[in-house]
Every structure is written in structure tokens, then in C-alpha cells.
Amino acid sequence: MTRVHKFSIPEIIFGRGSLSYTGLCARQLGGEKVFLVSDRGLEEAGWVARVIEVLEAEKLRWVYYSEVVSNPRDFQTHKGAEYYLQQGADVIIALGGGSPMDAAKGIALVASNGGQIQDYEGANRIHRPLPPMVFIPSTAGSGSDISQFSIITDVGRQVKMSIISRTLVPNISIIDPLILETKSQKLIIAAAIDALCHAVESYVSKISSPFTEVQSLQAIRLILQHLKPAVATRSLEHLEQLSIASTAAGMAFSNAGLGAEHALAHSLGGMFDTLHGLVHPILLPHVMRFNLSACTEKIAVIGEILLGRPLGSVQETAAAGIEMLETYCGELNVPVRLREIVQDRSRLEDLCKMAVNDVCLLTNPRPAGWEDLLHICWEAW
Ligand SMILES: [Fe+2]
């Protein structure tokens, strides 16, 4: 019997210079006073001033909120929501990587639904509509501008909470590849590897569909083709292709979910405040090996893209593909062993007991208990 699929994405405005449509978009959504969320890095690169200029040209009033850090915290969303309500804003614009965008979703959520951000942890727990949201991603990776995910750190429990709901999909995503030109090499790699991981995990997810699988594979092909040249040359042509890849991966994982790798990555971020994108080169090959028996054919499809051709059997192609991915990650000059980012091996058990409760694990193709996750961590150590 055919399963029922749903596929939800924002309106997407893509292209060089598309940032200039931001004011118009906010206006079309009924906004009169914008709540702009961004961070120091984007202020320094001049992009915050540029967005404000565009808003003022559209005669919109605005307030600015920048109390957001990498791995955004629960209290930052509470404070932001209070400020949003106090200022009487009516539309939220986020400019940034995953952190400002996830924080903006948390602010929109608490401002409109009340309570604490913790009340909404998990899937489908939001019952009232959010304010209109226009998101401008500044990295090609997180997919938060496309997705129904928001990841917020619960400081008290040292847990990165996954909050998933269709109401967290922004109304409009404005993707302007020109913003990528001001990003560092390290951030370009971390973001692209995050997108690659979104693509791989959504492709093998238990709830993938024909609508998501095509996007996952498109993202994998584009990242393999363009990441290294983008890092070497910083040319806009390659950066733009990474933007397309990240958007495709966002469409895929938002609708198909992720897996054990992201469950572990969230716990690592919650416990050790690690940079999300740099966790994947360490864990992804080992999670794929763990999943291999549950989705050999699909991993072989990924393997064929990595290898450029199929080998003698599906098993061979899948296994060689994972090895090739490991080699590829090694060549990016990023940490590839878990011990490089976690100093204390004795904390791995707690880490895995936390990860086993992450909602991302529900869509992993092979069921995994905390002992399985611990085994994956040892393999990656
Ligand atoms: Fe991610």
C-alpha cells in the first residue's frame, strides 16, 4: 500500500541580490514593524546595515535583536520573545546561519504560544500560528530557512532540544549567494558538511518519499562537485551551487527527518558546545556503517555518486562508498576523530543516553539503543 506523503516548504526567492526583496516580502506578509534577528559577525560584514537600509526603503519600522550565540540558548529565546511583544513587532526577519534562524523561530514560538521554549520540545507540539517569518540564510548548510526544525539548547539540562512542527517553516526564504562571499573557509566547510549530512540522513530515513529522495541526491551530487572548488577558489559560481545544495537538503530533511548522526550531534552540541557542522565528518561514516544492513541499496546509491561508478555488487558499492566518504572528509582538513573534540571518554555513556531521546532517532533506518550509539562513538573515537 502506498504511504501518504506530505511535503512542506516556504516560498523561496533565490538569486544574487535577492536580499533587496526583504522589505517587500515583510510588507506583503502584513508587517509594519520588523523584529530583526542577527549576530555580530553579520553586523561586522555589513549585512545587517544592508537589510535595515532595505527595510527603511520600504518605510518599515524595525527593532534589532542580536543576543544570540552559536548553539542558541533557551533564555535567549525567552528574552527575545519578551522584547518582541514589548516592542509591538508584527513580523520576524532572521539574517544568519542556523543559530540566528533557530533562535528567531524560538522567539516567534514563545511570543505567540506563550510558556517556555521547553514546552514545545519534540514533534508537533505547537498549536497556535506563529508571526510571519522571512529568513535570509548567510551560510549554505543549516537549512533552517527551509525546515520545520528549530534546535535550542536547554542550558539547565545541557541538552540541545529538537523542536519540530510545520508551523516552524518560515513563510519566505530569501537566498542570496552573495552573502556567502564574506564567510570564512572553516564556516563554508562546516555548513556544507552539515548539508551533506542532512542529505544522506534524509535519503535513508524511514519516512523518505519520492519528493525528498530526489532533493537528497541532488544535494549530495552538488556538494561533492562544488565544495572543494568553492573552498579553493571562493568563486561565486561554486558558492551558489552550494546554496542550491543546502536548499535541496533542507527540503529533504525537513520533510523526511534525520537520523542517529544528528541525534548524537545534538547531544555533543548540548554537552560540549561543539560547532555543529564539524561533528559530521567524525560521526557520519560510522553511523552509515551501523545503518548499512538496514538500507544497503540506498547507501549503494550514495556510494555510486561518491565513487563515480557502481562496483560488482550492491554491498561492495555501499561499503566502498562509505570508505570514500571517510577519505573525502579527511581531505577537508577538519577533525575526523571524536577524541579531537571530546576530551573525556567517560562522558560518552551520558552523551548516548541523552541522544537516544532525540526525536531525530525516530526516523533512523535501523533502530538504535544507547548501547548502539555508544558503540558508534567508540568506533569514531
Ligand atoms: Fe544539521
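This is a short tour of the structure, stop by stop, with something to select at each one.

**Before you start.** You are looking at a predicted model, in which local features need pLDDT of at least 70 and side-chain atom pairs count only at pLDDT 80 or more, while totals for chains, interfaces and linings use all residues. Residues are numbered from 1 along each chain as its sequence is written, and side-chain values use heavy atoms, with hydrogens and water left out.

**Stop 1: the iron ion.** Select the iron ion together with Asp 194, His 198, His 262 and His 276. Which atoms coordinate the iron ion? They are OD of Asp 194 and NE2 of His 198, His 262 and His 276, at 2.2 Å. Donors here are N, O and S atoms within 2.8 Å of the metal (3.2 Å for Na, K and Ca); water is not among the atoms, so sites may look incomplete.

Along the chain, the donors have the spacing D-x3-H-x63-H-x13-H. His 262 and His 276 link distant parts of the chain: the former sits in helix H9 (residues 260-272), the latter in the loop between H9 and helix H10 (280-291), 14 residues apart. Helices (H or I, at least four residues) and strands (E, at least two) are DSSP runs, numbered from the N terminus.

Now look at the angles among the four donor atoms: they span 84 to 168 degrees, and the site is irregular.

Are His 262 and His 276 buried or exposed? Both are buried, a label for under 20% relative accessible area, with exposed meaning over 50% and partly exposed in between (1.4 Å probe, protein chains only).

Stop 2: Next, select S5, S7 and S8. They make an open sheet of three strands in the order S5-S8-S7, with mixed pairing; two strands pair if DSSP finds at least two bridges between them. S5 and S7 are the edge strands, each pairing on one side only. S7 and S8 run antiparallel and are joined by six bridges.

**Stop 3: salt bridges.** The structure holds twelve salt bridges, each a side-chain nitrogen of Lys or Arg within 4 Å of a carboxyl oxygen of Asp or Glu.

- Select Arg 157 and Glu 121, whose closest N and O atoms are 2.8 Å apart. Arg 157 is in the loop between strands S7 (149-154) and S8 (159-164) and Glu 121 in the loop between helix H5 (98-113) and strand S5 (122-123), so the pair ties together parts 36 residues apart in sequence.
- Select Arg 289 and Glu 326, also a salt bridge, with closest N and O atoms 2.8 Å apart. Arg 289 lies in helix H10 and Glu 326 in helix H12 (residues 314-330), 37 residues apart.
- Select Glu 349 and Lys 353, which meet at 2.9 Å, N to O. Both lie in helix H13 (residues 348-355), four residues apart, about one turn of the helix.

Definitions and conventions. Tetrahedral: all angles 85-135°; square planar, octahedral: opposite > 155°, others 65-115°.
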